[in-house]
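Have the structure open as you read.

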Amino acid sequence: MTKENCLIVRVAGRQLDLLRGEASRIAKDSKMDWWIDRADVGSRFCFEDAKAKEAFALTCDSFGIPCRDG
């Protein structure tokens, strides 16, 4: 699977659950699929669409959760 529309976040527990819910909502609004994989450090959230990835990055920023391309 391609990693061009992926972001890596370093969270666990409730923050990870929160981000999963947000990723699902963003993907549903975009009518696109998403998935989550383990990264070397953190979790990799991937989207089929670059716009969905950007929306997820903004969501991470609004929660004060750092993310990086991955």
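Predicted model: local features only at pLDDT ≥ 70, side-chain atom pairs only at ≥ 80, totals over all residues.

## Helix α1

Let's start with the length of helix α1, which runs over residues 13–30. Just past α1, K31 has a positive phi of about 55 degrees.

Which residues of α1 are buried? They are L16, L19, E22, A23, I26 and A27. These residues sit on the same side of α1 because they cover an arc of only 135 degrees around the axis. In general, an α-helix has 3.6 residues a turn, so residues three or four places apart point the same way.

The buried residues of α1 pack against strands β1 (6–9), β2 (34–38) and β3 (43–47), and also against α2 (50–62).

## The aromatic rings

There are three aromatic pairs in the structure. Take W34 and F45: their ring centres are 6.0 Å apart and their planes are at 10 degrees, so this pair counts as stacked. W34 belongs to strand β2 and F45 to strand β3, eleven residues apart, so the pair links distant parts of the chain.

F47 and F56 make a tilted pair, at 5.3 Å centre to centre with 45 degrees between the planes. F47 is buried at 2% relative accessibility, and F56 is buried at 0%. F45 is buried too, with a relative accessible area of 0%. Ring pairs join W34, F45, F47 and F56 into a cluster.

Notes:
Residues numbered from 1 in each chain as written. Heavy atoms only, no water. Helix = DSSP H or I, 4+ residues; strand = E, 2+ residues; numbered from the N terminus. Expected span 1.5 Å × (residues − 1). Buried < 20%, exposed > 50% of the residue type's maximum accessible area, 1.4 Å probe, protein only. Arc of directions from axis to C-beta. Contact = heavy atoms within 4.5 Å. Phe/Tyr/Trp six-rings, centres within 6.5 Å; stacked < 30°, edge-to-face > 60°.
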